Amino acid sequence: YICSRTTRLSAEQYREGFYNKVVLLCGASSGIGEELAYQLASKHCQLVLVARTEAKLLRVKEGALKAGSPRVEVISYDFSNVKKCVSTVLYKTIELYGRLDYLILNHGLMPNGPFLGFPKQQDPEFIQKIYNVNVFSYIQLATHAIPHLELTGGHIHVTSSMAGEIPQIIGGLYCATKHSKNGFFYSLQQELIHKRSKVSLNIGAFGLIVTREMKDVIMKKMNMPKFLQGDLKRCVQVILDNLVRRERTITFPPTNIAFRFNWYLNPFFHEFFLAGITDYNSLVKNHTTIHEQSAKTGYQKGSS
């Protein structure tokens, strides 16, 4: 939990962990998910890629096949519809491949900006949508995947965030969903251990990972120190290593460990955190610009 191991695995360990394995990868059209698709493909995994936009999925599918995957299927799905996610995504994967080795839950929406500064975020329907995507769909997919993963001694990876541990003025609703996700999945992790399940589960506590979308939409308006930024390819390498090692928590980048200690041990954390942030009105203005840019690019359907 404090720190993830950084030593790389051997070629034989990768082969044993990934060769011809069936991976259901949710949130595969961009960012961490897209890079995961390519790196898993290079390890000869068979993939099911899931995201909202079919055109983006087909582009990633082409890249994954070129990277070495023997088979790639795509499912276009909006996880705000929780009721049908199991039948449309999970059961379809079992139907296509006959088994499941890895479930990677990486999809999500990231509303950002001060909660009181954006009335849209206070709308109960909007809040419900964010929870459907970020929490409830995760719970449904994981719960129904466990019987299939028991048959293969499989593994669940849950992409979470340091926002699931540490509050952020620019992400109240996002932090709330990540805290909910952590609370459920660490509890489920205990339950799997206690019942001696063949299924293992890990949770990724990630900081700011520099994806293409982050660069284009968000980071232009955020003054984030370099040492707090995580490299995308390295992040995915750490995820792959931990899929094989099956450690319970991934912390990346490692500098987030300092934030974790600060939050739990510093009684003046709020003052420390807010000291480097611009005044409130400017903060709202900056994030209004980010929302406008998100809408133009289609990033997060303008939800960021």
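**Salt bridges**

I searched the whole structure for salt bridges and found eight. I counted a salt bridge where a side-chain nitrogen of Lys or Arg is within 4 Å of a carboxyl oxygen of Asp or Glu. The model is a predicted one, in which local features need pLDDT of at least 70 and side-chain atom pairs count only at pLDDT 80 or more, while totals for chains, interfaces and linings use all residues. Residues are numbered from 1 along each chain as its sequence is written, and side-chain values use heavy atoms, with hydrogens and water left out.

I looked up Lys233 and Glu35, whose side chains meet in a salt bridge at 3.4 Å, N to O. Lys233 lies in helix α8 (residues 232–245) and Glu35 in helix α2 (residues 31–42), so this pair ties together parts that are 198 residues apart in sequence. Helices here are DSSP runs (H or I, at least four residues), as are strands (E, at least two), both numbered from the N terminus.

Next I checked the accessibility of the two partners. I took buried as under 20% relative accessible area, exposed as over 50%, and partly exposed as in between (1.4 Å probe, protein chains only). Lys233 counts as partly exposed because its relative accessibility is 48%. Glu35 has 10% and therefore counts as buried.

I then took Glu165 and Arg260, which form a salt bridge at 2.8 Å, N to O. The pair links distant parts of the chain, with Glu165 in the loop between β5 (155–159) and α6 (172–194) and Arg260 in helix α9, 95 residues apart. Glu165 is buried at 6% relative accessibility, and Arg260 is buried too, at 3%.

A further entry is Arg71 with Glu73, a salt bridge of 3.0 Å, N to O. Arg71 is partly exposed at 28%, and Glu73 is partly exposed at 23%.

**Aromatic pairs**

I ran the ring search over the whole structure and got 10 aromatic pairs. Rings of Phe, Tyr and Trp (its six-membered ring) pair if their centres lie within 6.5 Å; planes under 30 degrees apart count as stacked, over 60 as edge-to-face and the rest as tilted.

Tyr14 and Phe18 are a stacked pair, 6.4 Å centre to centre with 20° between the planes. Why are Tyr14 and Phe18 separated by about one helical turn? They are four residues apart in helix α1 (residues 11–18), which accounts for that separation. Tyr14 is buried at 10% relative accessibility, and Phe18 is buried at 0%.

The rings of Phe259 and Phe272 have centres 6.4 Å apart and planes at 55°, so I noted this pair as tilted. It links distant parts of the chain, with Phe259 in helix α9 (residues 256–265) and Phe272 in helix α10 (residues 269–274), 13 residues apart. Phe272 is partly exposed, with a relative accessible area of 42%. Ring pairs link Phe259, Trp263, Phe269, Phe272 and Phe273 into a cluster.

**Charges over rings**

I looked for charges over rings (NZ of Lys or CZ of Arg within 6 Å of the ring centre and within 35 degrees of the ring normal). Lys43 lies over the face of Tyr14, 4.8 Å from the ring centre. The charged end of Arg15 sits over the ring of Tyr19, at 4.1 Å from its centre.

**Cysteines**

How many disulfides does the structure hold? I found zero disulfides, taking a disulfide as a pair of cysteine sulfur atoms within 2.5 Å. For Cys85, the closest cysteine sulfur is in Cys26, 8.4 Å away, which is too far for a bond. Cys85 is buried, with a relative accessible area of 0%. Cys235 is also buried, at 0% relative accessibility.

**Surface patch**

Which residues form a nonpolar patch on the surface? I listed Phe115, Leu116, Ile169, Leu274 and Tyr280, with about 450 Å² of accessible area together. Patches are made of residues with over 30% relative accessible area and no salt bridge; like charges are joined within 9 Å, and nonpolar side chains (Val, Leu, Ile, Met, Phe, Trp, Tyr) within 5 Å. The areas come from the Shrake-Rupley method with a 1.4 Å probe, and for residues only the protein chains shown count as cover. Tyr280 counts as partly exposed, with 37% relative accessibility.
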